[in-house]
Amino acid sequence: MLVDNPILNSPFEEPARYWAYEEGQPVLKEGRRPAGYYLKPRTRGPQMAMLEEEFVPLELVNTIRERVKAWRERGYPGVTPITRQLLNHWNNPERERKLFFCQREAVETLIWFIEASPAEKQGIAIPKDGNLTRYACKMATGSGKTVVMGMVIAWQVLNKLANPQDRRFSDGVLLVCPNLTIRERLQVLLPWKSGNYYEKFDLLPRGMMERLQQGRFQITNWHLFHPRDDRHSKSVMQRGPESDKAFARRVLKELGNKQNILVINDEAHHAYRPAPLSEELRKQLSRKQLYREEIAEREEATVWVSGLDRIHAVRGINFCADLSATPFYIKGSGYPEGEPFPWVVSDFGLVDAIESGIVKIPRVPVDDNTGALIPKYFRLWEHINQQLPASERQTASRRAKPESVLREAEGALATLASEWKKTFEEFQRAGSPVPPVMIVVCDNTGLAELVHEHIARGNVLPELANGPNGEMTFRIDTARLAKAEAAIEGEKKEEAAERLRKVVDTIGKTEWEDEGDPPGKNIRCVVSVGMLNEGWDAQNVTQILGLRAFTSQLLCEQVVGRGLRRLNYDDFSEPEYVDVYGVPFEVIPVKKKPVSRTEVQKVSTLVRALPERKHLEITFPRVEGYILDVRSRIRLNLDGVPFLQIGGEDPTEVIVKPAVGYRIGRPDRLGPGPEVVHDRNPFHREQRLQATVYEIAAELTQRLTQKRKEWSARHILFPQVLAAVWRYLEERVVVVDLDTPLEEIALLKYKQRIIERLTEAIEPDTEAGEPPILPVIERFRPIGSTSEVLFRTLRPCVGTTKSHISHVVLDAPKWEHSVAHQLERMPEVIAYARNDHLDFTIPYEWQGARHEYRPDYLIRWRCGDESEAKVILEVKGFETEKDRQKETAAKRWVRAVNHHGEFGKWAFRVCKDPLRLKDLLTTGICEA
């Protein structure tokens, strides 16, 4: 399916368009693509094209999807207060770290099954897997499954702790995964760990982290489920096969005695109940080397599911949340290959992820200068096998001769490596700390060894040669890696295998838990057998070459999936690409790409805190609210309170006429019928100004005295607040249209703005002995720092010299570049930082709801007496009422933090003209 622009949708909203293939042409359709899969009829040969495959809709998933959508639009009726709080937090449109729609939908679907009323689920029946209740969420590679796991854990554990008797929820969580690498990656789901995903992706409302830490968690790879039997050991005490109770006690060591456990299966396509194989078929398969992988998969699936069965028998499993990009039965499972698990309940596949910009777009050959109907580098393995003489060709019982395969594949390898070099040079020009990576997936170990030797000697490109500068081309010993990945905590690990695992795990990484550079940081080419491990999430893969047979689209998806993670998660409308040869990927939209492509893909910039500039670090308190305890005297300082404009937003006078006949275009005054004038005079007559002012004053007094129950406090404060409101109206309210009376403030939007503005401006009168306003500092993250900044972006950037952070990202290039340039030149500026991924926020209220304001810059400023002040700088052109409310909130933040006294001296400035920035900053900061 070849299209010009596959990205159609926002990753943060439900897909609204999709590409369909009709009569040989891509057609853009409105709505959402139905969930389903492609099935190859058994009567056709193995080389059949995708166009001959049959699309099978997943009717159950489509029905669930519609039910959940309707439930969402009705406001999630039936959910617990904890669940509603989480859903509101995850769906907040003003989040800095927005969650993908597919992440929210997957969790919503699970919540719907557990918490929605039975009437909502009428007619929906999910078959059990043996005695296990399982719900599988299909989520494309790179779409954020680990974040979804964190959301599911938060939902379940927090609800259980709030309602211990409610058996719908669990506070004991068992996460099972395929290998050691993924097990280590999943440590981010432990809420007490540094860098956990609950904080990194803002998954919890304020104040819930400590509660979540009261849950019990265990993360393990399935290898722990291997049954133990000491009958053949040399031990004197032989207990025989492990009982279910002993098994559960050993396996669930970190969960204590927890029952009704929540199980999360990561890469859950490995966890299925294999259909029985006859002994004869088993012997046939074992004799064929080509099918040993399938036998190993069956054994893994058996151990995995059997272990869950034993846990369920003793402790009880509430339900299993299964996450996988490919929850399908594989070849050798005993079920039709490619058929989905019957307990799949939500589907956001690779096609949807590509169309939403979440992953890279595969670029495949569509034409070449040989005149062949199908480009040779598209179905490369078939082409190679056809070129080999009969004695060297691969058959069901014999491998192809490695030297012959390399000979026939060298042209494809050289062409793709040339593309890699162009990308490599682009990475270097962009200053990327890691190189692009090319993956070569081989059919067997012999071929992998030969291809690795060929590339590592420099026979393809000198940049890929291994030598004095280190290892550039790396071969993965699949058997040894599998051994390292199967290690269980506490067991002795083979050093060579563990080194191999660590190199693979750190390809494309700039940081790791040990000293020095990560061992895989500089790897440029990876040669492997098979598709590499799930959980291998290098983001810098730019080329993939397939030198093996691909018997299904499922296998194609798994191989290409290793290269689909984006480098940049900053601008999802900007496509990123991975060039793919030899993987006949047909079921998803791919970018049209002739083999002779000269286009070079864009490279993102790594923006990070530089360790060598630690002396330029800027720290700041994380303020989540204020302590305001007014007893008897208040103060209103209007100097810093912005003006409020009344009128001009909405018409106060409307001319109406009868609608007669059909009219094309905009309505106007032409036509029959009388004109009638509509205005708001009756409203203004009813809403007396004095009554409105009293309402505003009463609400403000209530806010000031909400911690004090006695009436006397309100009685003393109300006259002062009333006077403050009248003063605000007289000095700070501007009526734009002279025909609009001041009674217009009775409109809720104006009344709310006045209340919000004065809430920020009214403070205790400290001169009269009132305690000052003080900040409430976050308990678990009291101090923020520039040292936490690390992200990639495709937005324009400029390098820095006076900042702890390597670059300033320019959203408004002209203004922000000018500001950064001047900050670099001012001698009073010790250090500065752009507030991008810094998570410095100021709480404020707008239209009755709490919001967070993110100013543009933080500055460390040197005063004349060599003392230091910190400046919050906002660069602003056009101003709205919301901007003015932010400004008021920032000034309140500064007053509270300065009163606190332990975070230094702070000031706030708004720059409306970058050319006058120096004058703005040198005035009054050190006296603030």
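**Note on helix packing, strands and aromatic pairs**

1. Helices α1 and α3 are roughly perpendicular to each other, a label that covers angles of 65 to 115 degrees. In this predicted model, α1 (residues 59–73) and α3 (residues 101–115) pack at an angle of about 90°, with their axes 10 Å apart; the axes are lines fitted to C-alpha atoms over the stretch in contact, and angles run from 0 to 180 degrees between N-to-C directions. Helices (H or I, at least four residues) and strands (E, at least two) are DSSP runs, numbered from the N terminus.

2. The contact (heavy atoms within 4.5 Å) involves, among others, Ile-64, Val-68 and Trp-71 of α1 and Phe-101, Ile-111 and Trp-112 of α3.

3. On the basis of the model, local features need pLDDT of at least 70 and side-chain atom pairs count only at pLDDT 80 or more, whereas totals for chains, interfaces and linings use all residues. Residues are numbered from 1 along each chain as its sequence is written, and side-chain values use heavy atoms, with hydrogens and water left out.

4. Strand β15 (residues 525–529) is mostly covered, with 5 of its 5 residues buried, where buried means under 20% relative accessible area, exposed over 50% and partly exposed in between (1.4 Å probe, protein chains only). In a regular strand the side chains alternate between the two faces of the sheet. In β15, Cys-525, Val-527 and Val-529 lie on one side and Val-526 and Ser-528 on the other, and all are buried.

5. Strand β15 pairs in the parallel sense with β13 (residues 437–442) over 5 bridges, and with β14 (residues 473–475) over 3 bridges, again parallel; two strands pair if DSSP finds at least two bridges between them. Opposite Val-527 in β15 stands Val-440, and opposite Cys-525 stands Thr-473.

6. A search of the whole structure finds 25 aromatic pairs, counted where rings of Phe, Tyr and Trp (its six-membered ring) have centres within 6.5 Å, with planes under 30 degrees apart called stacked, over 60 edge-to-face and the rest tilted. Trp-112 and Phe-113 form an edge-to-face pair, 5.1 Å centre to centre with 80° between the planes, and both residues are buried.

7. The rings of Trp-192 and Phe-217 have their centres 5.7 Å apart and their planes at 65°, so this pair is also edge-to-face. Because Trp-192 lies in the loop between α5 (180–185) and α6 (197–200) and Phe-217 in strand β8, the pair ties together parts that are 25 residues apart in sequence. Trp-192 is partly exposed, with a relative accessible area of 47%, whereas Phe-217 is buried at 4%.

Terms used. Angles under 35 degrees count as roughly parallel, over 145 as roughly antiparallel, 65 to 115 as roughly perpendicular and the rest as oblique.
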